[in-house]
Amino acid sequence: MERLQKVLAAAGIASRRKCEEIIQLGRVQVNEKTVTELGFKVDPAADEIVVDGKKIAQEKKVYLAFHKPKGVITSVKDPEGRQTVMDYMKGVKERVYPVGRLDYDTEGLLILTNDGELANLLMHPRHHVPKTYLAYTKGIPHGSLLDKLKQGVQLDDGKTAPAEAEYADVDTEKNVAVVRITIHEGRNRQVRRMFEAIHTPLTKLKRISFGPVLLEGLQRGKHRHLTKDEVEELRRAAAEVTHNVHKGD
Ligand code: URA
């Protein structure tokens with residue numbers, strides 16, 4: 001949901017300041033009711049917004065896959081002035097925002113969209129579409145530790161749900177490994193905390209898939225539009241997860 005004056009300004013009606021005046025003058029209707037309150041929140045994807053009797057142009061829905069580099073923050077603004085994912089979206093004219101987040105230190109696949117409905121489904125607080133990461137470990141974790149990751153480890157906000165974990169690469173000479181791990185939740189710094197729980201330090205963490213969408217082929221710092229099929233599959237995956245949650249509740 002967004003403030004009405006912001007949506008009007010983004011639709012090219014006038015400057016934000018001027019849009020506030022237009023609202024106060026009673027020239028704006030939301031779902032056929034005149035709104036004069038400035039803080040009024042609307043869903044630009046679902047609400048019908050009319051200015052001076054004309055419907056404002058609905059923003060085209062866009063769905064992007066972005067390869068977030070390490071050292072970039074997943075937020076629209078950073079008070080500390082660090083680089084944000086939005087700095088990489090300068091060429092995108094629609095107001096996309098990230099679906100969920102990746103840590104500052106984590107790189108890999110991030111989905112951005114202006115489809116609030118799909119974003120909400122994908123960010124369900126308890127159950128998420130599967131997300132796969134490559135975790136680069138210092139030392140080679142014993143197989144029994146991977147079993148623990150799979151069964152669930154105790155974190156300070158509760159035990160993790162069953163996950164998949166397997167070796168993607170093992171280098172005995174360098175004494176390092178890469179573990180491919182798939183989780184079905186989205187807690188804060190979850191993968192890092194899971195490896196802390198098995199006392200295995202990570203040198204790098206990279207997300208390589210988000211539901212049906214793969215990072216493969218996308219250069220660091222670049223984005224691409226999802227294909228129609230990917231969007232469909234993402235929608236289906238989100239609906240399935242939500243359905244299962246309600247069944248289980
Ligand atoms: N788990 C983490 O620890 N970090 C991320 O960025 C995503 C998942």
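Predicted model: local features only at pLDDT ≥ 70, side-chain atom pairs only at ≥ 80, totals over all residues.
**Figure 1. The whole chain.** The chain has 249 residues, and 44% of them count as buried. Its secondary structure consists of six helices and 17 strands. The C-alpha trace spans about 70 × 40 × 35 Å along its principal axes. The accessible surface of the chain is about 13,700 Å², and carbon and sulfur atoms hold 49% of this area. Of the contacts between residues at least 6 apart in sequence, 62% link residues that are at least 24 apart.

**Figure 2. The domains of the chain.** The domain assignment divides the chain into domain 1 (2-55), domain 2 (63-125 + 213-247) and domain 3 (131-210). Domain 2 is given as two stretches of sequence, 63-125 and 213-247. The C-alpha centres of domain 2 and domain 3 are 22 Å apart. Where these domains meet, 17 residues of domain 2 are in contact with 11 residues of domain 3.

**Figure 3. The shell around the ligand.** The surrounding residues are Leu 102, Asp 103, Thr 106, Tyr 133, Arg 189, Gln 190, Val 191, Arg 192 and Leu 205. Sorted by class, the shell has four nonpolar, two polar and three charged residues. Helix H5 (residues 190-197) gives the most to the shell, with three residues.

Figure 4. A polar backbone atom of Arg 189 is 3.3 Å from an oxygen atom of the ligand. For Gln 190, a polar backbone atom lies 3.5 Å from an oxygen atom of the ligand. At Val 191, the ligand atom is a nitrogen, and a backbone N or O atom of the residue lies 3.1 Å from it. The ligand exposes 240 Å² when taken alone, and the protein buries 96% of that area.

Figure 5. Asp 78 is placed in the loop between strand E7 (63-68) and strand E8 (97-98). Its relative accessibility is 12%, so Asp 78 counts as buried, the cut-off being under 20%. A polar atom of the Asp 78 side chain lies 2.8 Å from the backbone nitrogen of Arg 82. With neighbours within four places in sequence left aside, Asp 78 is in contact with Ile 73 and Thr 84.

**Figure 6. Val 153 and its surroundings.** The loop between helix H4 (143-151) and strand E11 (154-155) holds Val 153. Val 153 has a relative accessible area of 5% and is therefore buried. Not counting residues up to four places away in sequence, Val 153 touches Lys 148, Gly 158, Lys 159, Thr 160, Met 194, Ala 197 and Ile 198. Gly 221 is 68 residues from Val 153 along the chain, and the C-alpha atoms of the two are separated by 33 Å.

Methods:
Residues numbered from 1 in each chain as written. Heavy atoms only, no water. Near = heavy atom within 4 Å. Polar contact = N/O pair within 3.5 Å; in protein donor to acceptor, adjacent residues only side chain to side chain. Areas by Shrake-Rupley, 256 points an atom, 1.4 Å probe, with all protein chains shown as cover. Helix = DSSP H or I, 4+ residues; strand = E, 2+ residues; numbered from the N terminus. Nonpolar A, V, L, I, M, F, W, Y, C, P; charged D, E, K, R; others polar. Buried < 20%, exposed > 50% of the residue type's maximum accessible area, 1.4 Å probe, protein only. Contact = heavy atoms within 4.5 Å. Domains from an automatic or database assignment.
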